[in-house]
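Subject: Structure handover

Hi,

Here is the structure for you to look at. My notes on confidence, helix packing and salt bridges follow below.

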Amino acid sequence: MTVTKNIAKYVKDMGINLSDLSRKTGVAYGSLYASLGEKGRGRELQADELTSICFVLHINPMDFAAEMGLTK
């Protein structure tokens, strides 16, 4: 799974509302929906979007990389 898919799963599992996440991160709702929504278009998150999301949710982006086996 990609980092974006791992975050999408986290957002879904935690019941996080994409509209609220958009307001808090400043990332456009359409971009979040295309990347994280259940019927999203498979758009990968940009680095600045990823860091904004992780900052707002108080999560470490490396946790999602670790799930992919990208860390040592």
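Helix α2 (residues 18-25) has the highest mean pLDDT among the elements of the chain, at 97. The lowest belongs to helix α5 (residues 61-67), at 77. This is a predicted model. Over the chain, the mean pLDDT is 88. Of the residues, 89% reach 70 or more.

Next, the helix packing.

α1 with α4

Helix α1 covers residues 3-13, and helix α4 covers residues 47-57. Their axes lie 12 Å apart. The packing angle is about 30 degrees. That makes the two helices, α1 and α4, roughly parallel, because angles under 35 degrees count as such. The crossing of α1 and α4 is left-handed.

Which residues meet here? On the α1 side they are V3, I7, Y10 and V11. On the α4 side they are L50, I53, C54 and L57. The contact of α1 with α4 has 8 nonpolar residues, no polar and no charged.

α2 with α4

Helix α4 also packs with α2, at an angle of about 100 degrees. The axes of α2 and α4 are 10 Å apart. The two helices, α2 and α4, are therefore roughly perpendicular to each other; the range for that label is 65 to 115 degrees.

From α2, the contact takes in L21, K24 and T25. From α4 come S52, I53, V56 and L57. The residues of this contact of α2 with α4 divide into 4 nonpolar, 2 polar and 1 charged.

I53 and L57 of α4 deserve a mention: they are listed in the contact with α1 and in the contact with α2.

Salt bridges

How many salt bridges are there? The count comes to 3. One of them pairs D13 with K9. The closest N and O atoms of D13 and K9 are 2.7 Å apart. Both residues, D13 and K9, sit in helix α1, 4 residues apart, so about one helical turn separates them.

Best wishes

Methods. Residues are numbered from 1 along each chain as its sequence is written. This is a predicted model: local features need pLDDT of at least 70, side-chain atom pairs count only at pLDDT 80 or more; totals for chains, interfaces and linings use all residues. Side-chain values use heavy atoms; hydrogens and water are left out. Axes are lines fitted to C-alpha atoms, for helices over the stretch in contact, and angles run from 0 to 180 degrees between N-to-C directions. Angles under 35 degrees count as roughly parallel, over 145 as roughly antiparallel, 65 to 115 as roughly perpendicular and the rest as oblique. A crossing is left-handed if the near helix is turned anticlockwise from the far one by less than a right angle, and right-handed if clockwise. Contact means heavy atoms within 4.5 Å. Ala, Val, Leu, Ile, Met, Phe, Trp, Tyr, Cys and Pro count as nonpolar, Asp, Glu, Lys and Arg as charged, and the others, Gly among them, as polar. pLDDT is the predictor's confidence in each residue, from 0 to 100. A salt bridge is a side-chain nitrogen of Lys or Arg within 4 Å of a carboxyl oxygen of Asp or Glu.
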